[in-house]
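Student: Could you take me through one part of this structure closely, namely the metal site, and then show what surrounds it in the rest of the fold?

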Amino acid sequence: MIHQVYALHFGDKNGTRGEFMYRDASHDPLTISFYIWVVLGGREPIVLDAGFDAVQAAGRNVVNYTDRAELLGRVGLAPDDVKTVVVSHLHWDHWAGYSLFRNASFIMQQAELDFWKVRGSRASLITQSANMAALKAVADLEGTGRIRKLDGRRIELWPGLHIVPLPGHTPGLQALLIETERGPVMLASDALHFLENYTQRSPVQGTMNFPEALDAYDTIAALVGDDVVGGHDPADAARFPHIAPDVYRIA
Ligand SMILES: [Zn+2]
């Protein structure tokens with residue numbers, strides 16, 4: 001199946017290069033952008049990552065926040081239309097806003113769940129990247145059958161749409177490999193924050209396992225070459241055509 005892929009840009013945060021780039025002492029400004037992604041043209045719409053809500057945004061000094069339901073509307077979807085959300089990993093900015101998707105099941109890696117249950121909860125160094133209430137909610141969602149857990153193997157959701165584990169940034173990070181008009185495209189989420197992480201083979205600070213993160217880049221290179229989209233790159237605004245405000249057509 002040939003899919004259409006969209007980035008919905010719902011906020012930004014202004015920081016410095018030194019906060020993100022490994023062993024980079026620069027205080028030069030660096031903006032990180034926040035996205036959820038939508039894949040259309042398959043058996044059902046797929047959303048990659050849940051994002052976060054306006055209250056969570058305010059608590060983390062996010063600027064240019066745009067309501068995700070409004071952005072979904074710009075690609076013809078309402079939140080309740082979404083039956084499947086693929087969760088790349090459980091960092092706050094990818095998971096805390098799960099409750100927007102009332103009718104959805106959430107696909108995540110068992111390794112990611114296991115990590116946050118024990119090792120990931122040991123130190124504020126790690127938990128500061130999570131929303132603890134949203135992490136705890138995973139158990140409730142499991143109880144109502146809304147969590148689908150994967151075991152670290154690549155799976156095909158349907159022809160032309162694969163979920164590819166890319167651990168490193170976190171132990172259970174997963175990406176989407178998508179057949180499109182121009183060939184395979186990967187939505188890699190935080191396997192790379194910025195395209196620069198990938199081209200320089202330099203993962204961001206806060207990466208849980210650097211050797212695995214570097215392996216992930218080799219996997220991406222083998223599957224899609226440079227046709228990869230990272231988790232937070234503000235340059236995507238110029239890289240892809242806009243079909244509506246803050247909605248970019250990736251493929
Ligand atoms: Zn992350």
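Tutor: Donors are N, O and S atoms within 2.8 Å of the metal (3.2 Å for Na, K and Ca), and since water is not among the atoms, sites may look incomplete. This is a predicted model, in which local features need pLDDT of at least 70 and side-chain atom pairs count only at pLDDT 80 or more, while totals for chains, interfaces and linings use all residues. Residues are numbered from 1 along each chain as its sequence is written, and side-chain values use heavy atoms, with hydrogens and water left out.

Along the chain, the donors of the zinc ion follow the spacing H-x1-H-x77-H-x20-D. They are His89 through NE2, His91 through ND1, His169 through NE2 and Asp190 through OD, lying 2.2 Å from the zinc ion. The four donor atoms subtend angles of 91 to 166 degrees, which makes the arrangement irregular; four donors count as tetrahedral if all angles lie between 85 and 135 degrees, four count as square planar and six as octahedral if opposite donors are over 155 degrees apart and all others between 65 and 115, and anything else is irregular. For reference, the ideal angle for four tetrahedral donors is 109.5 degrees. Histidine 89 and histidine 91 are both buried, where buried means under 20% relative accessible area, exposed over 50% and partly exposed in between (1.4 Å probe, protein chains only).

Helix α5, residues 110-117, buries Glu112, Leu113, Phe115 and Trp116. These cover an arc of only 160 degrees around the axis, which puts them on the same side of α5, the arc being that of the directions from the helix axis to the C-beta atoms. The buried residues of α5 pack against β5, α6, α7 and β6, with contact meaning heavy atoms within 4.5 Å.

Finally, glycine 42 lies in the loop between β2 and β3, and is partly exposed, with a relative accessible area of 23%. Leaving aside neighbours within four places in sequence, glycine 42 is in contact with Met1, His3 and Trp158.

Notes. Helices (H or I, at least four residues) and strands (E, at least two) are DSSP runs, numbered from the N terminus.
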